[in-house]
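Notebook open, structure loaded. I want to go through a few spots and write down what I find.

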Amino acid sequence: MEPSAGTKKRSRALIVLALVALGVYALDQISKYLVVASMPEGSVIRVLNDLLQLHFVRNPGAAFSLASGSTWIFSIIAAAVVVFILWFARRIHSFAWGLVFGLLLGGVLGNLTDRLLREPGFGVGHVVDFISTPWLLPAIYNVADMGIVSSMVIFMILTIRGIGLDGRKVVAESKTATTPTLKQADAVTPDSSTSDSVTPDSSTSDRPTPGAEARP
């Protein structure tokens, strides 16, 4: 028995989600490994002057060094997001939404791995950040952060365009006007000339029938 079209779409969306998540996660972890192995913490390498710099820091907070000191809270939130994506993935039937959740899953897993496995300890590890673009953002981030932000941008675009999880554009159905048209009104309303022709003429009814006069 051949799988239905909906099953095929869901399978393709799940494949996209898995491949994108794996790609983002691998790129994030490999880049962090190379930075930690080759750069002293706090050092800066100017790649394209102020356009792109490598600035190695360890971040105990959220993305873009926000809320430092609450690492364990973000570890719990990240774990919850991963569980939610894995549970919700079965509802996705389009390439675009598979891309959104793949980017999000890969980014969340990348930073969650740092928080679970890096110093100073399990659940409170510091995330490795190394990408700096002073002309764009006054913050230092990593590949995982880029994946998360990219997923949010695509999410907003799809939402604004009204693209559903099945890839179809949701169009609001216009209400059909209930007022009858002129032709319909003419068809329903009896014609006055017709009604006049049916109604017996009062002058005709008053005339005596020939031969019905009273005889002496």
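Predicted model: local features only at pLDDT ≥ 70, side-chain atom pairs only at ≥ 80, totals over all residues.

I started with Asp129, which sits in strand β3 (residues 127-132). Strands here are DSSP runs of E with at least two residues, helices are runs of H or I with at least four, and both are numbered from the N terminus. Asp129 is buried, at a relative accessible area of 0%. My cut-offs: buried is under 20% relative accessible area, exposed is over 50%, and partly exposed is in between, with a 1.4 Å probe and protein chains only.

Residues are numbered from 1 along each chain as its sequence is written, and side-chain values use heavy atoms, with hydrogens and water left out.

Next I went to helix α2 (residues 71-88), where Phe84 and Trp87 are three residues apart, about one turn of the helix. How long should α2 be? Its 18 residues should span 26 Å at 1.5 Å a residue, and the end C-alpha atoms are 25 Å apart, which agrees. The expected span is 1.5 Å times one less than the number of residues.

Then I asked which residues of α2 are buried. They are Thr71, Ser75, Ala78, Val82, Ile85 and Phe88. These cover an arc of only 165° around the axis, so they are on the same side of α2; the arc is taken over the directions from the helix axis to the C-beta atoms. Trp72, Ile76 and Val83 are exposed on the other side of α2. The buried residues of α2 pack against α3 (95-117), where contact means heavy atoms within 4.5 Å.

On to the rings: I found six aromatic pairs in the structure. Phe84 and Trp87 make a tilted pair, because their ring centres are 6.1 Å apart and their planes are at 45°. For pairing, ring centres of Phe, Tyr and Trp (its six-membered ring) must lie within 6.5 Å; planes under 30 degrees apart are stacked, over 60 edge-to-face, and the rest tilted. Phe84 is partly exposed at 42% relative accessible area, and Trp87 is partly exposed at 43%. Trp87 also forms a tilted pair with Phe88, 6.3 Å centre to centre and 45° between the planes. Phe88 is buried at 12%. Phe84, Trp87, Phe88, Trp97, Phe101 and Phe155 form one aromatic cluster.

Last stop, the cores. A nonpolar core is a set of buried Ala, Val, Leu, Ile, Met, Phe, Trp, Tyr and Cys residues joined through side-chain atoms within 4.5 Å. The largest has 18 residues, and Leu17, Ile92, Trp97, Phe101 and Leu105 touch the most other members. Helix α3 gives the most to this core, with seven residues. Apart from it lies another core of eight residues, including Val35, Val128, Phe130 and Tyr141.
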